[in-house]
Amino acid sequence: MAAVLLDGKKTAQAIQAEVAAGVAALVGERGVRPGLAAVLVGDNPASEVYVRNKRKACEQVGIRSWLHHLPADTASSTLLELIRQLNADPSVHGILVQLPLPPKIDERAIVQAVAPVKDIDGFGPENLGLLAAGQPRYLPCTPHGVQQLLLRHGIEVEGAHVVIVGRSLIVGRPLALMLMQKAAGANATVTVVHSRSRDLAELTRRADVVVVAIGQAGFLKADMIRPGAVVVDVGINRQADGRLVGDVDFEGVRQVASAITPVPGGVGPMTIAMLVHNTLAAARLLCRADPLAR
Ligand SMILES: NC(=O)c1ccc[n+]([C@@H]2O[C@H](COP(=O)([O-])OP(=O)(O)OC[C@H]3O[C@@H](n4cnc5c(N)ncnc54)[C@H](OP(=O)(O)O)[C@@H]3O)[C@@H](O)[C@H]2O)c1
């Protein structure tokens with residue numbers, strides 16, 4: 001029997017409708033409209049599409065957004081100055097620096113320059129540290145999208161063995177931290193595997209849920225999972241013919257899995273929904289007399 005499709009598009013629409021209601025309430029009660037500043041450097045076509053889609057989602061939920069599009073040869077100091085201005089601007093609640101930045105810019109320094117209360121991607125050390133400490137402020141958007149997609153399809157990870165393939169700072173590592181929390185929608189037994197892992201397929205075959213985030217088209221094959229496993233494909237890979245495919249051999253794996261995310265239409269739209277969710281959360285937090293109080 002073919003797997004159930006975990007529909008990220010529909011789930012993201014439901015989350016965006018909830019965010020839109022939250023935005024309307026914040027505007028009505030506090031007179032504050034959430035605002036997101038997007039910073040894009042250079043002309044990476046994929047990044048331009050991501051930023052466009054993120055701003056479109058902001059517009060749909062009533063969040064104001066601004067685009068700061070800088071040339072590829074922008075100096076780190078100029079970018080840092082822009083980040084400082086956005087940190088100080090009270091109409092900006094969230095700052096999104098679209099990655100990757102051009103190679104000569106110190107990406108880490110830029111990410112760390114974003115004020116932690118405006119770091120709605122949750123990539124900065126303070127927000128990652130809070131997550132690791134079990135007191136998350138903003139959950140990184142892609143892992144949070146994966147968690148919500150599972151929750152909203154009634155897939156319980158509590159007590160389940162989740163194997164995450166990939167340990168990047170934006171997907172695999174924070175997802176592992178999230179799913180091992182002592183909290184609802186978590187309490188999973190988590191294994192993280194990466195390019196140096198021995199007997200990787202042996203490990204993925206032991207999983208109840210496999211999440212793949214490595215950036216290699218069709219990497220996870222049907223014989224690498226156990227029958228009935230749930231498979232979440234985070235990968236986005238553009239084929240020579242322009243098609244987008246994930247890190248999972250979708251046609252093969254869907255014959256064995258019990259549930260699977262499509263690409264496109266799976267984790268991608270969820271990432272965007274969680275970004276607008278975090279921007280609303282940041283606006284709510286910044287409205288408080290002491291936004292740093294926990
Ligand atoms: N859907 C979305 O919204 C969304 C968001 C973010 C990223 N993505 C996509 O997700 C994919 C991963 O992105 P990323 O930023 O996490 O990538 P990344 O920073 O390049 O990290 C890739 C990770 O995969 C591991 N890896 C690579 N090849 C492997 C292999 N053959 N076997 C096991 N592990 C392997 C790497 O291991 P090492 O650490 O050992 O090098 C690394 O931990 C990309 O396709 C990206 O486009 C999608």
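**Exercise 1.** Find the residue in E8 that stands opposite Val209.

*Solution.* Val209 stands opposite Val230 in E8. Strands here are DSSP runs of E with at least two residues, and helices are runs of H or I with at least four, numbered from the N terminus. Next, look at the strands themselves: E7 and E8 (residues 230-233) run parallel and are joined by four bridges. Two strands pair if DSSP finds at least two bridges between them.

The model is predicted: local features need pLDDT of at least 70, side-chain atom pairs count only at pLDDT 80 or more, and totals for chains, interfaces and linings use all residues. Residues are numbered from 1 along each chain as its sequence is written.

**Exercise 2.** Find the bridge partner of Val163 in E7.

*Solution.* The partner is Val210. Strand E5 (residues 161-165) runs parallel to E7, with four bridges joining them.

**Exercise 3.** Decide whether the residues on the two faces of E7 (residues 209-212) are buried or exposed.

*Solution.* Start with one side: Val209 and Val211 are buried. Then turn to the other, where Val210 and Val212 are buried as well. Buried means that 20 or more other C-beta atoms, placed from the backbone, lie within 10 Å of the residue's own; exposed means 12 or fewer, and partly exposed lies in between.

**Exercise 4.** Work out why H10 (residues 267-287) is largely enclosed by the rest of the structure.

*Solution.* Count its buried residues: 17 of the 21 are buried, so H10 is largely enclosed. Finally, turn to the ligand: H10 gives three residues to the shell around it, the largest share.
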